[in-house]
Amino acid sequence: MTKIGLQTIKFDSAPYILETSSIVGPKEAEGPLAKYFDQCLDDEFWGEKTWEKAESKIIKENVNALVAKSGIASTDIDYCFTGDLLNQCISSSFGLRETNIPFFGIFGACSTFAEGMCLGSTFVDSKAANNVICATSSHFCSAEKQFRFPLELGNQRPQSAQWTVTGSGAVILSNNNLGKQCPRITCITPGKIVDMGVKDANNMGAAMAPAALDTLLTHLKDTGRKPSYYDVIITGDLGYVGKEILTELAETKGYNIKNNYDDCGVLIFDKEKQDTHSGGSGCGCIATVFSGYFYQMLKEKRINKLLLIATGALMNSTSSQQGESIPGIAHAVAIENLDN
Amino acid sequence: MDFLQSIDWMQLLRCFVVGGLICIVGQILIDKTKLTSARILVIFVTTGVILGALGIYQYVIDFAGCGATVPLLGFGANLAKGAITEAQNSGLLGAFIGGVKASAGGIAAAVFFGYIASLIAKPKIKKQ
Amino acid sequence: MKSIDTKQEYLDYVDQKSPNSPILKNCFNAFWVGGLICSIGQIIFDFCKYKGLDTTSSSTIVSIILIGIAAFLTGLNIFNKIGKFAGAGSLVPITGFANSIVSPAIEYKSEGYVMGVGGKMFTVAGPVLVFGISASVIVGIIATFFV
């Protein structure tokens with residue numbers, strides 16, 4: 001692999017995305033992408049006693065399903081890179097404590113999925129690993145409890161607020177495609193922390209959009225590509241507010257992304273029917289939408305070049321209460337169907 | 001049936017309108033200031049204490065009955081009224097006892113029912 | 001659109017881009033739900049008076065009954081739907097105070113009855129008691145010395 005430009009790494013071997021798996025909760029199962037997910041739950045508790053246990057079970061079962069689907073023995077998985085939104089990443093670590101796979105718990109808020117893919121693909125391309133798993137999860141109820149208010153509190157959600165996705169998405173990155181046609185990761189652009197001073201924790205899209213812009217522009221400059229090089233550019237959970245901001249900001253910088261850009265938080269819910277205000281968010285948002293919907297589009301060659309930019313708001317409830325602004329982060333992963 | 005006939009409908013209307021107007025003030029605070037609900041409750045209860053202490057809120061209560069006492073402003077006014085009455089009867093000790101004594105019923109009820117509810121109920125997701 | 005470079009420009013731009021709450025609709029719902037809750041209180045109050053209770057006892061009974069109803073509806077997962085619809089209409093009456101005590105009690109049950117239910121019960125409503133009671137003590141002290 002080679003570093004090109006300021007922040008981008010170009011891979012020589014272009015690791016394969018061998019398989020993906022996704023599990024979503026009941027609300028996501030009522031959304032427009034329901035048919036693309038591997039498993040839809042009809043109960044947020046999934047037979048567990050607490051939200052936290054339920055989220056652990058979701059990521060655990062999702063990773064197990066992924067390994068079973070891939071045809072690779074779990075002993076052949078070298079490492080896993082997983083994360084979630086709960087304090088100290090307990091969903092991932094508790095969920096995967098019995099898997100016997102060397103474990104990296106990572107935190108990048110809602111950008112964790114792309115952070116995991118960046119690290120995983122670097123491991124595979126450098127031959128430090130043959131197969132790695134990248135997985136994330138989030139759960140509406142555990143996130144509300146930790147970041148906002150008890151579920152039974154009778155408050156109104158502001159129009160700019162987003163709805164944390166209940167679900168988990170996971171991918172296997174591999175240096176071997178097992179004879180299958182698989183999309184590949186050709187380069188990655190890990191992002192910088194960008195803080196434009198937004199303090200409103202109910203307006204995450206606006207807090208994260210500048211980071212997404214920074215990573216997008218850096219990626220395009222580093223690779224010398226134009227936005228139109230990609231069939232689709234997706235961001236993870238900027239929501240309606242953030243999507244509009246990113247589109248307009250990109251335009252002021254001379255890039256038109258109106259035609260091939262969309263946001264996973266916008267895609268996963270039906271805003272009118274499901275009353276999700278600005279759209280979905282959470283580590284599980286881009287993870288499930290990519291693992292479910294976009295991976296299938298790539299496999300069917302309906303799209304061939306995809307730029308995935310997952311965005312994260314690097315705050316917690318303490319920093320919000322202390323009046324800190326919300327630093328944003330975004331990591332980009334270029335995924336392409338090469339002629340193989 | 002005697003009770004129904006004894007209801008003062010004009011009083012009920014005044015109660016409805018004043019209670020509703022106080023809630024509109026709260027709604028404007030929610031929508032315009034992005035304050036969390038805890039802060040709004042604090043603003044209302046503290047304002048209630050001040051208005052109660054100045055004797056202003058008693059006029060609202062006289063006019064609107066429960067339209068003034070049921071909103072948290074009334075809870076605050078009741079705290080102030082209790083503290084003042086008790087302070088006048090038994091001095092400094094009363095200043096400490098009076099407020100809580102006057103609102104003890106509400107506080108105890110909230111704590112007790114909260115505990116009972118937690119024994120029986122299970123958290124559920126909001127459907128919207 | 002002109003380019004946005006400074007934080008202040010961005011914050012102004014975000015303010016303008018962020019959707020506003022439907023304030024007229026919210027106020028209308030808050031008005032009639034809040035008015036209705038107060039009216040229910042008034043009817044209970046009138047009934048207590050009709051039964052021969054004094055004003056203070058009647059007011060306390062109104063509070064206890066409304067708090068009881070709010071706690072019951074919170075436990076049934078109904079109060080949050082009313083709150084979503086009515087906003088301040090159910091928050092500002094004493095029902096909102098009850099809901100803000102009962103909802104964390106239910107939510108934190110998973111952390112046990114002592115530190116979960118008992119400890120977290122006041123996470124939302126605690127400030128109301130702190131500021132309400134403190135203010136009443138100050139008022140009482142002033143009344144002791146100056147009135």
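So, Trp46(A) is in the loop between strand 4 (39-40) and helix 2 (51-70) of chain A. Helices here are DSSP runs of H or I with at least four residues, strands are E runs of at least two, and both are numbered from the N terminus. What is the phi of Trp46(A)? Positive, about 45°, although Trp46(A) is not a glycine. As a reminder, most residues other than glycine have a negative phi. Trp46(A) counts as partly exposed because 17 other C-beta atoms are within 10 Å. The cut-offs: 20 or more other C-beta atoms within 10 Å is buried, 12 or fewer is exposed, anything in between is partly exposed, with C-beta atoms placed from the backbone.

Asn100(A) is also not a glycine, and its phi is positive at about 65°. You'll find Asn100(A) in the loop between helix 3 (90-95) and strand 6 (103-105) of chain A. With 10 other C-beta atoms within 10 Å, Asn100(A) is exposed.

Some housekeeping before I go on. This is a predicted model, where local features need pLDDT of at least 70, side-chain atom pairs count only at pLDDT 80 or more, and totals for chains, interfaces and linings use all residues. Residues are numbered from 1 along each chain as its sequence is written, and chains are lettered from A and ligands numbered from 1 in the order in which they are written.

On confidence, the model scores ipTM 0.92 and pTM 0.93. Chain C averages a pLDDT of 93, with 100% of the residues at 70 or above; pLDDT is the predictor's confidence in each residue, from 0 to 100.

Now the domains. Chain A is assigned domain 1 (2-174) and domain 2 (184-336), with bounds that come from an automatic or database domain assignment. Their centres, taken over C-alpha atoms, are separated by 17 Å. The contact between them takes 59 residues from domain 1 and 59 residues from domain 2 of chain A, where contact is C-beta atoms, placed from the backbone, within 7 Å. On the domain 1 side, helix 4 of chain A gives the most, with seven residues. That side divides into 29 nonpolar, 23 polar and seven charged residues. Nonpolar is Ala, Val, Leu, Ile, Met, Phe, Trp, Tyr, Cys and Pro; charged is Asp, Glu, Lys and Arg; the others, Gly among them, are polar.

Next, the cores. How many residues are in the largest nonpolar core? It has 108, and among those with the most contacts inside it are Val132(A), Ile133(A) and Leu308(A). A nonpolar core, by the way, is a set of buried Ala, Val, Leu, Ile, Met, Phe, Trp, Tyr and Cys residues joined through C-beta atoms within 7 Å. This core draws at least three residues from each of domain 1 and domain 2 of chain A. Leaving aside neighbours within four places in sequence, the contacts of Ile133(A) include Val63(A), Leu66(A), Ile77(A) and Ile172(A). There's a second, separate core of 82 residues, which includes Cys66(B), Ala80(B), Ile67(C) and Ala143(C).

Helix 5 of chain A is mostly covered, with six of its eight residues buried. Among those buried residues are Phe140(A), Glu144(A) and Lys145(A). They pack against helix 2, strand 7 and strand 8 of chain A, together with helix 6 of chain C.

That takes us to the contact between chains C and A, with 33 residues from chain C and 27 residues from chain A. Helix 6 of chain C gives the most to the chain C side, with eight residues, and that side divides into 13 nonpolar, 15 polar and five charged. Tyr10(C) lies in helix 1 of chain C. Again leaving aside neighbours within four places in sequence, Tyr10(C) is in contact with Met196(A), Gly197(A), Pro210(A) and Ile4(C). Tyr10(C) is partly exposed, because it has 19 C-beta neighbours inside 10 Å.

Last, chain B. Its contact with chain C takes 70 residues from chain B and 68 residues from chain C. Helix 7 of chain B gives the most to the chain B side, with 19 residues, and that side divides into 43 nonpolar, 23 polar and four charged. Helix 3 of chain B is mostly covered, with 13 of its 17 residues buried. Just after helix 3, Gly55(B) takes a positive phi of about 80°.

Terms used. Two residues are in contact if their C-beta atoms, placed from the backbone, lie within 7 Å.
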